[in-house]
Amino acid sequence: MHFDSLSDFLAMGGYAGYVWSAFGITFVSMIILLISSVRRHTTLLNEVQAKVERQARIDAAKNLENTL
């Protein structure tokens with residue numbers, strides 16, 4: 001579809017409300033998905049790090065226990 005001007009493009013042949021709301025909803029959904037994925041990634045990394053540190057403390061305590 002060819003548009004003669006920017007205002008014709010923005011009007012989308014009378015369907016601007018549907019077209020731009022679809023773009024807006026998609027854009028907002030993608031941003032929300034990105035933010036939630038990054039937060040979940042950070043949370044999982046922190047959980048794994050905490051488990052590794054806990055296991056290291058347990059192993060260190062076992063080694064200390066065996067030397068007595």
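This is a predicted model: local features need pLDDT of at least 70, side-chain atom pairs count only at pLDDT 80 or more; totals for chains, interfaces and linings use all residues.
## Aromatic pairs

Let's start with the rings. Searching the whole structure turns up three aromatic pairs. One of them joins F9 and W20 in an edge-to-face arrangement, with ring centres 5.8 Å apart and an angle of 75° between the planes. F9 belongs to helix α1 (residues 6–11) and W20 to helix α2 (residues 16–66), so this contact ties together parts that are eleven residues apart in sequence.

W20 also meets F23: their ring centres are 5.5 Å apart and their planes make an angle of 35°, so this pair is tilted. The label follows from the cut-offs, because stacked planes must be under 30 degrees apart and edge-to-face planes over 60. Both W20 and F23 sit in helix α2, three residues apart, which is about one turn of the helix.

## The cluster and its exposure

Taken together, ring pairs connect F3, F9, W20 and F23 into a cluster. How accessible are F9, W20 and F23? F9 is partly exposed, at 33% relative accessible area, and W20 is likewise partly exposed, at 34%. F23 has a relative accessible area of 52% and is exposed; the cut-off for that class is over 50%.

## The loop residue M12

Between α1 and α2 there is a loop, and M12 is found in it. For context, most residues other than glycine have a negative phi.

M12 is also buried, with a relative accessible area of 15%. That value falls in the buried class because the class covers anything under 20%.

## The annotated segment and helix α2

Now for the record: an unreviewed UniProt entry lists residues 15–35 as "transmembrane region". In the model, residues 15–35 are 95% helix and 0% strand.

F23, a member of the ring cluster, lies in helix α2. How far is the C-alpha atom of F23 from that of D59? The two atoms are separated by 54 Å, and the residues are 36 apart along the chain.

How values were computed:
Residues are numbered from 1 along each chain as its sequence is written. Side-chain values use heavy atoms; hydrogens and water are left out. Rings of Phe, Tyr and Trp (its six-membered ring) pair if their centres lie within 6.5 Å; planes under 30 degrees apart count as stacked, over 60 as edge-to-face and the rest as tilted. Helices (H or I, at least four residues) and strands (E, at least two) are DSSP runs, numbered from the N terminus. Buried means under 20% relative accessible area, exposed over 50%, partly exposed in between (1.4 Å probe, protein chains only). UniProt positions are given in the numbering used here, feature names are shortened, and annotations may be inferred rather than shown by experiment.
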